[in-house]
Amino acid sequence: MNTESSRHSSSHAAELLTTPNVALPVDKELVLKVIPMPADCNANGDIFGGWVMAQVDLAGAVVPARYVNGRMATVAVNQFIFKQPVRVGDILSFFADVTRIGNTSVTVQVEVYAERFHSQKKYVKVTEASLTYVAIDDAGRPRKIQSKVEKTQEMM
Ligand SMILES: CC(C)(COP(=O)(O)OP(=O)(O)OC[C@H]1O[C@@H](n2cnc3c(N)ncnc32)[C@H](O)[C@@H]1OP(=O)(O)O)[C@@H](O)C(=O)NCCC(=O)NCCS
């Protein structure tokens with residue numbers, strides 16, 4: 001084993017011992033799983049924050065799409081926290097739930113958990129975010145969405 005690979009494997013061994021294991025949310029829906037690749041890295045060798053934001057934007061749109069029934073646009077990233085770095089080979093799980101349903105918009109909370117390479121089934125929360133999506137018409141103007149009551153009855 002060369003110096004570089006032995007350093008790599010000892011850092012993996014240390015990570016196995018120190019990786020925290022948090023419980024996955026039970027009140028949110030699993031909306032996306034994805035594994036980042038080397039092409040998604042920044043200059044530090046971690047995954048580029050913009051790549052994570054793009055995945056969160058996609059994942060966050062899944063639940064609002066059921067209320068919007070048509071075109072929608074992201075109007076706001078209300079909050080975005082990178083709690084831990086994301087690395088190549090992590091299995092990322094994106095969980096989402098609705099926090100507000102307005103007249104034309106749906107706001108969701110997204111949480112992202114990583115199973116580290118070589119440390120599967122142990123979960124680390126890496127990101128949390130809040131995003132708002134607006135239903136839009138053919139001209140790109142805000143459009144009224146179904147009410148919470150109608151949607152809740154339909155989903156039961
Ligand atoms: C989305 C867009 C049509 C909204 O138009 P707008 O004139 O700002 O609309 P309004 O002020 O009527 O607000 C529409 C809804 O968005 C919400 N909203 C607007 N600005 C917001 C902000 N900064 N944060 C959170 N919610 C916001 C409003 O509260 C309203 O929700 P409600 O009707 O449920 O209460 C327009 O801003 C737009 O086209 N933005 C660009 C979208 C885009 O390109 N996104 C990236 C790619 S998807």
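This note goes through the predicted model point by point, from confidence and fold to the ligand shell and single residues.

1. **Ground rules.** Residue numbers start from 1 along each chain, in the order in which its sequence is written. The model is predicted: local features need pLDDT of at least 70, side-chain atom pairs count only at pLDDT 80 or more, and totals for chains, interfaces and linings use all residues.

2. **Confidence.** pLDDT is the predictor's confidence in each residue, on a scale from 0 to 100. The protein chain averages 88. A score of at least 70 is reached by 81% of the residues. Where pLDDT is low, the predicted coordinates should not be read in detail.

3. **Elements.** The protein chain holds four helices and five strands. Both are DSSP runs, numbered from the N terminus: helices are H or I with at least four residues, strands are E with at least two. Read from the N terminus, the order is α-β-α-α-β-β-β-β-α. Of the contacts with a separation of 6 or more, 73% join residues 24 or more positions apart.

4. **Burial.** Of the 156 residues in the protein chain, 25% are buried. The cut-offs count other C-beta atoms within 10 Å of a residue's own, all placed from the backbone: buried at 20 or more, exposed at 12 or fewer, partly exposed in between.

5. **The sheet.** Five strands form an open sheet in the order E1-E3-E4-E5-E2, with antiparallel pairing. The edges are E1 (29–34) and E2, each of which pairs on one side only. From one strand to the next, the twist averages 25 degrees. That angle is taken between N-to-C directions of lines fitted to C-alpha atoms, on a range from 0 to 180 degrees. Two strands pair if DSSP finds at least two bridges between them.

6. **Bridge counts.** Antiparallel E4 and E5 are joined by eleven bridges. Here Val 108 stands opposite Leu 131 in E5. E2 and E5, also antiparallel, share nine bridges. In this pair, Ala 76 has Thr 132 of E5 as its bridge partner. E1 and E3 run antiparallel with five bridges.

7. **Ligand shell.** How many residues surround the ligand? The shell has 13 residues, and the closest are Ala 76, Gly 102, Asn 103, Thr 104 and Ser 105. E2 (72–82) and E5 (123–135) each supply at least two shell residues. E2 gives the largest share, four residues. By type, the shell has six nonpolar residues, seven polar and no charged. Nonpolar covers Ala, Val, Leu, Ile, Met, Phe, Trp, Tyr, Cys and Pro; charged covers Asp, Glu, Lys and Arg; the others, Gly among them, are polar.

8. **Ser 93.** This residue lies in E3 (residues 91–101). Lys 33 stands opposite Ser 93. Ser 93 counts as buried because it has 20 C-beta neighbours inside 10 Å. Leaving out residues up to four places away in sequence, Ser 93 touches Leu 30, Lys 33 and Tyr 113. Its C-alpha atom is 10.0 Å from that of Val 126, which is 33 residues away along the chain.

9. **Val 124.** The C-alpha atoms of Val 124 and Ala 114 are 5.2 Å apart, and the two residues are ten apart in sequence.

10. **Positive phi.** Two non-glycine residues deserve a look. Asn 69 has a phi near 50 degrees. It sits in the loop between H3 (62–68) and E2. Asn 69 has 12 C-beta neighbours inside 10 Å, so it counts as exposed. Lys 121 has a positive phi of about 70 degrees. Its loop runs between E4 (105–115) and E5. Lys 121 is exposed because 7 other C-beta atoms lie within 10 Å.

Technical notes:
Near = placed C-beta within 6 Å. Contact = placed C-beta atoms within 7 Å.
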